[in-house]
Amino acid sequence: MKQLFLWITLFLSFSCSFHSQERRDSFDPTSPANTLPASVTLASPDTLRLLFVGDLMQHQGQINAARTVDGYDYSPCFAYVKEAIRQADFAIANLEVTLGGKPYRGYPMFSAPDEYLTAIQEAGFNVLLTANNHCLDRGRKGLERTLRLIDSLHIPAAGTYLNIEDRCARYPLLLEKKGFRIALLNYTYGTNGIPVPSPTLVNLIDTTVIAQDIEKARLLNPDVLLACMHWGVEYQSLPDKQQQILTHWLFAKGVDHIIGAHPHVVQPIEVRTDSLTLQKRLVAYSLGNFISNMSDRRTDGGLMLQMDFVKSRAENEKKGAQLTKCNYQLVWTDRPIHSKKKNYQILPINFPPDSLTTNSRNLLNIFKKDTRELFSRKNKGIKEQFFFKKIGK
Ligand SMILES: [Zn+2]
């Protein structure tokens, strides 16, 4: 497959707004951190690229750090990863907060400023998942407001609905581009014990309902059928029995690939090859946190998963699109308490270490070592890749 290589130097020009003297960002254009040379591999024109990340969290520390004199600015959070996100045809993330309006709050009942959503879109995410255990943190009004806001930015979303008519009209989510048709399903194990208020709907994991949805998805004649699952046990690095049973069931029902989130730590990725059809099927049990204020070991990072699809052209080939390439890049969140910068920043794992504080460098290395150790034992059929290749220091 043809690959185009585009060398991109990121000249970051975000303006810093100051919350307080001690949290000030010092922007030094000569610092390697501010001119990170990078390469991004583009997908060829007949290839559809999907990119997935895990949980977009929003704790109180993040709200405080993003506050400016007249609002909130989250753009620095995504400055070093947005080039890779934007290269995807569809960049898909789990929005694990409500946009429930003021008062803005972090854990345990999340309501993020609206600027968080605009920054997420600006970073390149163009599909959002909303079925998660925090979607009802602000009740019915919060769920509705979140959906209205997402819709006002024309971002396709799956997982929660205003009512049954809304769900019938928008689910399963069909994504179309470059002649590809991708059907996407999204479910959560629960809503933190909050009953789903009528008439809103949250896609809960229920195999009877999922089986019906898969049938409905088939009628859309998709090239690829994806299931995005909010599942698993928090802080567990391995999938539990239920995740494994559900994976087996979803594949048996005809789902092509499964992407998971929720445990706040990464879990292994397996690419299985069907012995008869040679079709590849990927399950990523948990992508970890994409951004958060979590500090416990293994919760301060996550991964960006990239999947390239090419349509079958030959007569004798199975219809649909084949997964021709997949890889992942580890990312780690540098928090102001360590970086001494104003805002949180998601960093590619190969970020120039000498541009980090000693604390940040040590923590990034711990996350990298833990994850590589786990993945070297448990991953199957997939390799780590640097979406950003350093060409200088
Ligand atoms: Zn969750």
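Which residues of H4 are buried? I looked this up in a predicted model. They are Gly142, Leu143, Glu144, Thr146, Leu147 and Ile150.

**Entry 1: helix H4**

I took H4 as residues 139–152, which makes 14 residues. I found 20 Å from its first C-alpha to its last, close to the 20 Å expected at 1.5 Å a residue. I then checked what lies over its buried residues, and the cover includes helix H3 (114–123) and strand S7 (127–129), as well as strands S8 (157–158) and S9 (160–161). After H4 comes His154, and I noted its positive phi, near 60°.

**Entry 2: helix H6**

I went on to H6, residues 207–219. Its 13 residues should span 18 Å at 1.5 Å a residue, and I have 19 Å between the end C-alpha atoms, which agrees. I list Ile210, Asp213 and Ala217 as its buried residues. They cover an arc of only 60° around the axis, so I place them on the same side of H6. On the face turned away from the buried side I noted Thr208, Gln212, Glu215 and Leu219 as exposed. Strands S11 (180–188) and S13 (224–230) are among the elements that cover the buried residues of H6. Asn221 follows H6, and its phi is positive, near 55°.

**Entry 3: helix H9**

H9 runs over residues 358–378. I recorded Ser360, Leu363, Leu364, Phe367, Thr371 and Phe375 as buried. Seen down the axis, these buried residues fall within an arc of 100°, so they line one face of H9. Thr358, Lys369, Glu373, Ser376 and Arg377 are exposed on the other side.

**Entry 4: the pairings of S19**

Which way do S18 and S19 run, parallel or antiparallel? They are antiparallel, and I have 11 bridges joining them. Asp308 stands opposite Lys325 of S19. S19 is also joined to S20, by 4 bridges and again antiparallel. There I noted Trp332 with Leu347 of S20 as its bridge partner. S21, residues 383–384, runs parallel to S19 and is joined to it by 2 bridges. Tyr328 has Glu384 of S21 as its bridge partner.

Technical notes
Residues are numbered from 1 along each chain as its sequence is written. This is a predicted model: local features need pLDDT of at least 70, side-chain atom pairs count only at pLDDT 80 or more; totals for chains, interfaces and linings use all residues. The expected span of a helix is 1.5 Å times one less than its number of residues. A residue is buried if 20 or more other C-beta atoms lie within 10 Å of its own, exposed if 12 or fewer, and partly exposed in between; C-beta atoms are placed from the backbone. The arc is that of the directions from the helix axis to the C-beta atoms. Two residues are in contact if their C-beta atoms, placed from the backbone, lie within 7 Å. Two strands pair if DSSP finds at least two bridges between them.
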